[in-house]
Structure formats: C-alpha cells, structure tokens
Amino acid sequence: MIDFRMPSLGADMEKGTVVEWLKKPGDAIARGDVVAVVETQKGAFEIEVFDAGVLREILVAVGNQAPVGAVLARIESIGAGVPVGAEVPPPAPPSPTRAPPVALKPPPAAPSGERLRISPAAARRALELGVDARGLRGTGPQGAITIADVEGAAPKPSEAPTPPRRGFDPSAMRQAIAAAMARSKREIPHYYLSLPIDMARSLEWMSAENARRDVEHRLLPAVLLLKASALALRQVPQLNGFWIDGAPRLSQAIHVGWAISLRGGGLMAPAIRDADRLSLDQAMAALRDLVTRARTARLRGSEMMDPTVTVTSLGERGAESVLGVIYPPQLAIVGFGAARPSPAVVEGRFAVRPLVHATLSGDHRASDGETGGRLLAAIDRLLQTPEAL
Amino acid sequence: MTAAPLKITYREAVKQAIREALARDPRVFLMGEDIGRYGGCYAVTKGLLQEFGEERIRDTPLSESAFVGAGIGAAMAGLRPIVEVMTVNFSLLALDQIVNNAATIPHMSGGQFAVPLVIRMATGAGRQLAAQHSHSLEGWYAHIPGLKILAPATLEDARGMLWSALQDPNPVLIFEHVNLYNMEGELPSDAGAVPIEGAALRRQGRDLSIVTYGASLHKALAAAKQLAGQGIEAEVIDLRCLRPLDDATITASIARTRRALIVDEGWRSGGISAEIGMRIAEQSFYDLDAPPMRLCGAEVPIPYPKHLEDAAIPQIETIISAATSLVRPS
C-alpha cells in the first residue's frame, strides 16, 4: 500500500482542507491523475498522484482538514511507482524543528489483523482535530476509543477553531505571504544586483514575429524574459535550487516559478516546468494557461511544489525595478521592471532605448555577487539574440 | 385558557375519550367482548351501555375474527367503529381480518374504500395473566403497511389519541398497556384531541437517549431520575406511534447524546427495537460514540409467578444498569 499524503504546496503551508475527491475507492489510478482538490491559504489546488494503482481507502473526508504529511488515502500499488522528477530530489517540506534526514520508519500500525476500536463519532472527531487515534486508551464499551478520549488527547486550542472556509480567502493568503516573507527575511541573507537591459532588439524581433501571427498566437515580452532567465540559469546553475539542511541543493531541472498577482489581492508563483526546454510558443501557451488557472484557483499541487527559482515581471505599467524577496527555500529571485524609453549610451552616443531593469536577489549563504552578476549578464546576452531563444 | 386540572386515571381518560367520541359523532359505536353488561374486562367501558344503549355499545360473541371483520365492513359502509379486542394475544385470531383486509382494502380498491376503523387492544405484562394474555406483539403490527400503530403512554395521549384516530381514513390500532390503567395523574378538564404522529421528548439529557414507549416510558423516566443522581443525564423519547416511526426525533436526540438505549417489553429477536436500532445505525452511524443497545423482554413466554414475570421484562434497575454500562463501561 502506498500512502497518499497531504502535500506541502509551499514553505508557508501547514495544513490543507480536502474539498473534493475526484476518485473513489476501487478506482484505478494512473501516474499523474488528479485525485483530489485541496484548499490552502492560497486557494484550491488539484493534487496529482505519482503512482499507479487502485485507490483503496479515503481517510480524510471532504470538508476535513489535515496537516502536511498526513495520509489522505491509501493506494494499492500496481508495479513500483517511479518517483517524480528523478533527477531532482523534491524539496522536503521545511519545518521549524528540523528532523534528522534518516530513512523514515513507517508509523507504528495496529497489530496486523486487528483494527483500531474507535466509535464512528470519535473517528470523525479525531479527523477534525487532527488527532492520531492510534495509541489512545479507549474508555468506551469493550475498550473502544470515544469522543471524550479523542478530545482529551487534542492539543488545547489557543483560540476557538474557525470553521473551514471554502473558496479563496484573501486574508488567509495575506497571512500565508506574511509567514513566508517574514521567514525569508529572517533566515535568508539577501544580496541585490541590478542591470539595465536594452530591449530594442528583442522588442523589434517580437513585433515582426507578431505581425505574421494571428492574435491568439502572439508573443508577449514576458515570455522572452522567462525564456532568457531559464536559459541563463543553465549557464549559472548555482542559483537554481534550494537551501536545505544548511547546504545548497542544486537542481538540474529548471522549473521557473512565475509570480502572478491575483485580482482579489495577493500573489502566487506556480511552476512552468522545464522552462529552459520549452519553445517560445510552448512557453507562451504555458504562461497563458498558468495565469488563467491561477486566477480561477485551479492550480495543481505539483505546480506549487516544483519551482526551483522565481521570476517576477512587473509588466508594462509597473515600477522601474523590483528587488524581490526570495521564496524559501529557493536560492534566488529574478525581477524585471517595466520596459521604458530611456536615455542610454549606444556605441558612444546618447540614444533613447527601451530599457528593462533586471534585478537579482540571491541567497548569500549559497552564492556570491559575482555569480549573480554572471546570471544577469547572461540574461542580457540572450535577449540581444531573441531569434535564438 | 386552561381549565383547572382534574385528578384522573388512565382508565378514566380512555373512557372519557370514548364518551366524547360517542357524543360528538353519531357514526361512532363500540363493539367487543364483555364491553357492555360486564363493563369491559379492564372496566374501561363501565356505564357506557346505560348511557348510550345497546345500539352503540354492542357485546359480541367470543369470535375476534367475526367482530373485527364486522367492524371493517361497518367502517367501509360509512360508520366509525371502535372495536375492542381484550388483549393483543387474542387479536391473533383476527390477524386475517386486520392484515389481509383492513390494511389492504384501501390499497386494493384503488382508494375507492376507506377503512376508518379503530381497534383498541390491551397489551403487555405485569398483571400476572400468564403467557396467553401478557405479550407485547404491537411490534408485529408495526410491520404492516396500511396500519397506523399507536401506543399512548400518558394521560394526555390516552385522552386525546382516540378522536384523532377516528378522523384517520385508514385503520388505526391503539395499544393500551395493562399496567397503565390504574396510573393516576392530573389532566386539564378540557383536555382533548392530540396529534397521532411523531414521538415526544419526555426528558432532556446529554449522555444517552432512551427510546421507548408504553408502560416502559414510566420505568425509563424513573430510571433517568435515579441516573441523574449519579451524574448521568438521560434523554427519554416516548415513541407514541410505532408506525410510522419518527426518525427525525430519534436522530436529533442521538446527535446530542451520541448513545442510544432502546427499551421494549417485546422479544428482542425481530422486534420493533431491532427496527429502531437498525434505523439508528443507518441514519446516525457517524454520531454514535457507542454501539446502540437494546433492553428487551426475555425470550420466554411471559411467566405467571410475580418474580419471574418481573424478571422477564425491563425494569427500572435493569434500565439503570444498561444505561450505566453504555455511558460508563467498567
């Protein structure tokens, strides 16, 4: 049996609420199938499964909350499942009290063949309170665990529990952002670099390219910035990955977390997977799809777990430059301001050129300014030959 | 404005209900064994022959099948008969009339014939009348679609259910527990008809729900009073009507207390308490903090000797003990 667990959809996530099961016990499951929708402070996410098999048992019913790592369902495996992203170990959900990285022992199960004796009402209460009923002493008929036993074992809440809310909750997202950003500034010693990049060639090439395209296949400047950043990270891999257990853990795959601001306020940065390997058309399609789904709160869980780096682009109406805050446990965030006609020196003469201020915030524990500078320079170089992107 | 309460027995409350029906509706008449000259074997109808005459208070031969059948015919023809069967044990002789005719004719005639018949029967143990006069078979009748099964346990219901039953176009069976006839209490002098659907919450509590009816209601209430002294607060539900059962009142109570004890004089196997227990399992499963429990009659013919008869049916002490084991298992 494989445990299907509540995933960590970001450094700031502690728990989630199951809002929908898309599979029921007995259903066959293929690797990559979306089996559940989980609601977090950042909205609802579709959760995929990375094993093939048959869904045997749902342990957390719709409407119930579970902490990160809690078993949501059990899947009977058909052949061994291959871990996703075999080349990159997925980031462990960071926890304030760090557990030693030893092989996990399975949780102590009830003696085989013997089921936990717990009343139906107590079982439901245990789920609500997140209490692990195994190991509790039952005081009910025939030693069964009762509601009182479960409630006695629950941690005393410091405040009245708020009922689970459905749908996007801006105040909850604000709290999630607050937690992640505060942690970032508390733990990560940032360094900041910036470089104005001349976008004239890129924009000219893009205009010519768009002139031959119908409206729905036109490119946006954002996709050039995305692709250039991803390719530059291939050349400077020291900035792509995570800081885990006191050491950098670099990733070969480049999954760019693209910062998307939401109309109701708040933002998220879901992944465009393998952005360096996408054609511009593929990257454009991925970008459109991601923005649409982020704004309708239908992202997949893996998209929140995967990013190895974040890119934030302020767009045409934004500020001149942005000095980003790194999303832990990532190592860097690349920022782009708005492209504006600005005075520039070209071949020794003043000229008016569309400049974009590219910035980098790097984790100084993992890299130094010299490395960061190489990344910005690589982005600049790549944007001067847009036809090669 | 409520009139001053009268001190009254259950027997007298039933009699007042019958008198009111006879006085209000000329179609109502009474029929049964020894109900006229003798005044009824439990003295419920004493004096009614003198008051209303032989046309309307009719002594019958000892032939349940014949006079229940005559009652069905009279009801179909437009009268409002009240048929008294001496005990539920004797009603078995009229099972064919009740189950095959009364319960089915409205259905089989496509609604052309109503059977507005009321049958009153005594039921239950406790009067040392032995195994052929003491059983609680109302649960059997609650199995039959087409019948409405009432079990008045209080003076209000004894006084008020009959008139409502007579207004019902379908056959209604009223089960009067023999141990209730002498029960005395106060009733408003203007007490009248009561609804004949729905259970009643007779006591509120937080620790368990005791579901019962008939004479067992009063044992359950006495037990609940003693349990309260031990810190166990029992909710007590009087079913009042065994068919149809009031699921909503039961499930709402269990949602509060999370434990259910069903108390029923009838035998456990295949009884009405089995039906109630299964409904609880179906509808209240996730509210239950303990398995539903039944306290039923011992599976023997009701014995004649007093101490054995007492031991064969639920008593206050056994209800207390069952409730305690449900709430505080040792």
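1. Glu57(A) has Arg74(A) as its bridge partner in E8(A), and this pair belongs to the contact between strand E6 (residues 53-58) and strand E8 (residues 71-77) of chain A, which run antiparallel and are joined by 5 bridges. Strands here are DSSP runs of E with at least two residues, helices are runs of H or I with at least four residues, and both are numbered from the N terminus; two strands pair if DSSP finds at least two bridges between them. The model is a predicted one, in which local features need pLDDT of at least 70 and side-chain atom pairs count only at pLDDT 80 or more, while totals for chains, interfaces and linings use all residues. Residues are numbered from 1 along each chain as its sequence is written, chains are lettered from A and ligands numbered from 1 in the order in which they are written, and side-chain values use heavy atoms, with hydrogens and water left out.

2. Strand E5 (residues 43-48) of chain A is largely enclosed by the rest of the structure, because 6 of its 6 residues are buried, where buried means under 20% relative accessible area, with a 1.4 Å probe and protein chains only. E5(A) forms a hairpin with E4(A), with 2 residues between them; strand E4 (residues 34-40) of chain A runs antiparallel to E5(A) and is joined to it by 6 bridges, and Ala36(A) has Ile47(A) as its bridge partner in E5(A). E5(A) is also joined by 2 bridges to strand E16 (residues 299-300) of chain A, in this case parallel, and the bridge partner of Glu46(A) in E16(A) is Arg300(A).

3. Beyond its neighbours within four places in sequence, Ile379(A) is in contact (heavy atoms within 4.5 Å) with residues including Ala228(A), Ala232(A), Val334(A) and Phe336(A).

4. Chain B has 13 helices and 14 strands, and 56% of its 330 residues count as buried. Among its contacts with a separation of 6 or more, 82% are between residues 24 or more positions apart.

5. In helix H5 (residues 95-102) of chain B, the residues Gln97(B), Ile98(B) and Ala102(B) are buried. They lie on the same side of H5(B), because they cover an arc of only 95° around the axis, the arc being that of the directions from the helix axis to the C-beta atoms. The cover over the buried residues of H5(B) includes helix H3 (64-76), strand E5 (118-123) and strand E7 (172-177) of chain B.

6. Gly198(B) is placed in the loop between strand E8 (184-188) and strand E9 (200-203) of chain B. Gly198(B) is 43 residues from Cys241(B) in sequence, with a C-alpha to C-alpha distance of 6.5 Å, and, not counting residues up to four places away in sequence, Gly198(B) touches Leu239(B), Arg240(B) and Asp246(B).

Key:
Buried < 20%, exposed > 50% of the residue type's maximum accessible area, 1.4 Å probe, protein only.
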